Amino acid sequence: MSDKKIAISAQNISQAFEGRKVLDNVSLDIYKGETFVIMGGSGSGKSTMLRIMTGAIKPSLGKILFDDKDLKVLDDLQEEQLKRRFGMSFQSAALLDFLTVEENVSLPLKEHTNLDSKIIRIIAKMKLSLVGLAGFENYYPSMLSGGMRKRVGVARAIAMDPEVVFYDEPTAGLDPVACAVIDKLILDLTKKLKLTSVVVTHNMESVFRIADRVGMLYQGKLLEVGTPDEIKHSSNPIVKQFITGALEGPIHLT
Amino acid sequence: MNIFENIGKTILHWVRVFFKSLELIIETLYWVFVGPFRKKPIKWGEVFAQMVFMGIQSIIIVFFVMLFTGVVLAMQSAPQLEKMGAVFYVASLVTISICRELGPVLTALVVAGRIGAAITAEIGSMNVNEQIEALDTMAISPVRYLVVPKFLSLFFMLPCLTVLGDASGFLGGYLIGVFNLNINSGLYLQTAFDFLELRDIYTGLSKSIIFAMIIAIVGSYQGLQTQGGAVGVGRATTVSVVTSFVLIIIADCILTGIYFFSDL
């Protein structure tokens with residue numbers, strides 16, 4: 001792995017909200033072209049970690065390097081240029097509900113490029129067919145199912161041909177088949193578009209389906225990083241309990 | 001101690017709200033005046049769409065509120081003026097108090113209830129559904145995309161609605177004066193316009209511009225601060241309307257004071 005180029009490097013990230021520590025000294029390298037899954041229970045800090053990597057939250061301590069640039073020290077213009085190289089798919093899809101599917105996907109293109117509106121429409125159609133939703137251009141988000149909305153969210157995330165795509169709980173609240181569709185989509189896109197994907201999830205099935213490497217967060221600490229096989233055969237009792245979903249073990253829900 | 005703690009906390013909270021709103025105003029003005037020179041033009045299409053919703057669709061409610069205010073004002077003042085044998089001064093009393101005071105304030109209050117609530121509810125529910133964050137990660141400024149069109153639209157439409165409100169209030173007074181108090185129509189109009197000066201209109205309109213900014217900024221600020229799902233949206237909407245109401249009255253008092261003491 002060491003010969004691979006680092007896409008994102010998180011260094012000693014700590015984050016606290018109103019005195020409550022959410023992340024505690026997390027360091028993490030994500031390599032170009034891999035699908036990295038951050039798993040962990042509810043409240044383990046995994047969504048916060050994702051938002052720190054996208055730059056939505058500024059960490060209390062530590063820094064994020066993207067292409068060796070520190071996210072913290074950029075001015076507005078540089079930050080905007082950097083953000084255009086990210087795509088993000090949200091847990092609730094976060095589509096703008098007063099815009100149609102096509103307008104949602106073409107929104108970043110309209111805002112950030114000088115492309116002709118005809119070309120933007122073609123790109124939006126292309127992105128929609130990549131996620132299997134050709135023909136739904138004129139629907140409003142409220143007319144679609146949860147799984148379809150998430151796929152539109154993914155189409156919007158890849159609209160600007162980003163280098164890194166972040167997925168926040170891409171399969172939460174979906175039925176098993178829809179989960180499998182999303183997982184396959186993430187895999188396909190990562191390969192076809194040569195993307196780096198960072199996925200936050202607690203769905204163990206999809207972890208082992210899509211991950212090149214997995215990191216386990218527990219109570220704000222990064223317990224273990226490894227390939228899915230290494231994680232499966234981990235000797236750490238917390239990791240073991242988490243992936244089997246056993247009631248007995250060191251993890252207690254309060 | 002608890003009371004003092006609570007008072008202190010509340011004051012601190014509102015001081016923080018004040019400074020954050022100030023930041024929002026500055027950012028909004030940045031996107032209005034500086035943004036267009038940095039290839040981030042104002043979204044005029046969206047401004048016009050908002051103008052239809054905020055302006056055109058508020059016409060009927062503003063018309064009726066101000067019409068009845070004019071009617072009530074004429075009816076209330078007539079008996080008092082009658083005692084002095086000066087019933088026809090109803091015309092100037094109604095006209096001047098509508099143009100200087102009631103027109104701008106009542107129109108602003110109606111619009112704050114209708115539009116301020118809508119702004120907060122819209123931005124607030126986008127906020128709790130991660131849509132604001134989505135705009136942010138797409139490097140689209142939520143202020144430029146959502147706040148600026150609403151701000152500009154209110155800035156243009158509230159003065160227009162105020163003019164309409166002034167006219168409706170005038171009409172209300174006229175109806176009572178001519179058909180109930182039997183003032184001659186020509187005399188009513190003459191008395192009204194003899195005493196009305198241009199500055200009565202423009203001090204009223206200058207107020208309404210300030211009120212428009214209050215409604216837009218308070219509504220957007222509360223929307224952008226919304227947290228905690230549907231309950232949070234409801235709470236933010238209430239806070240937004242109440243804050244706008246109070247600020248409009250306070251601003252009105254201050255502006256009237258300024259005009260009063262500077263002889264405007």
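Reader: Let's start in chain A: in which sense do strand β3 and β8(A) pair, parallel or antiparallel?

Author: Parallel. Strand β3, residues 35-39 of chain A, pairs with β8(A) over 5 bridges. Keep in mind that this is a predicted model.

Reader: Got it. Which residue stands opposite A:Val198 in that pairing?

Author: That's A:Phe36, which faces A:Val198 in β8(A).

Reader: What about β7 and β8(A), how many bridges join them?

Author: 5 bridges, and the two strands run parallel; β7 covers residues 164-168 of chain A. There, A:Val164 sits opposite A:Thr196 of β8(A).

Reader: And through which helix does the chain cross from β7(A) to β8(A)?

Author: Through helix α6 of chain A, residues 176-192, in a right-handed β-α-β crossover.

Reader: Which residues lie on which side of β8(A)?

Author: A:Thr196, A:Val198 and A:Val200 are on one side, while A:Ser197, A:Val199 and A:Thr201 are on the other; they are all buried, leaving both faces of β8(A) covered.

Reader: Switching topic: what's the strand order in the open sheet of chain A?

Author: The order is β2-β1-β4-β5, 4 strands with antiparallel pairing.

Reader: Which strands stand at the edges there?

Author: β2 (20-31) and β5 (69-70) of chain A. Each has a single partner strand, so one side of each is left without a neighbour in the sheet.

Reader: How many bridges are there between β1 and β4 of chain A?

Author: 5 bridges, in the antiparallel sense, between β1 (residues 6-17) and β4 (residues 61-66) of chain A. In that area A:Ser14 stands opposite A:Leu61 in β4(A).

Reader: Which helix packs on the sheet?

Author: Helix α1 of chain A, residues 46-54. This helix touches β1, β2 and β4 of chain A, and its direction makes about 125° with that of β1(A).

Reader: Okay, over to chain B. How many helices and strands are in there?

Author: Chain B has 9 helices and 0 strands. Of its 264 residues, 41% count as buried, and its C-alpha atoms fill a box of roughly 70 × 55 × 35 Å along the principal axes.

Reader: At what angle do α4 and α6 of chain B pack?

Author: About 145°, with the axes 7 Å apart; α4 is residues 90-128 and α6 is residues 142-179 of chain B. α4(B) passes α6(B) in a right-handed crossing. The contact of α4(B) with α6(B) has 18 nonpolar, 8 polar and 2 charged residues.

Conventions
Residues numbered from 1 in each chain as written. Chains lettered and ligands numbered in written order. Predicted model: local features only at pLDDT ≥ 70, side-chain atom pairs only at ≥ 80, totals over all residues. Axes fitted to C-alpha atoms, helices over the stretch in contact; angles between N-to-C directions. Left-handed = near helix turned anticlockwise from the far one by under 90°. Nonpolar A, V, L, I, M, F, W, Y, C, P; charged D, E, K, R; others polar. Pairing = 2+ DSSP bridges. Contact = placed C-beta atoms within 7 Å. Buried ≥ 20, exposed ≤ 12 C-beta atoms within 10 Å, placed from the backbone. Right-handed = clockwise from strand over helix to strand, strands pointing away.
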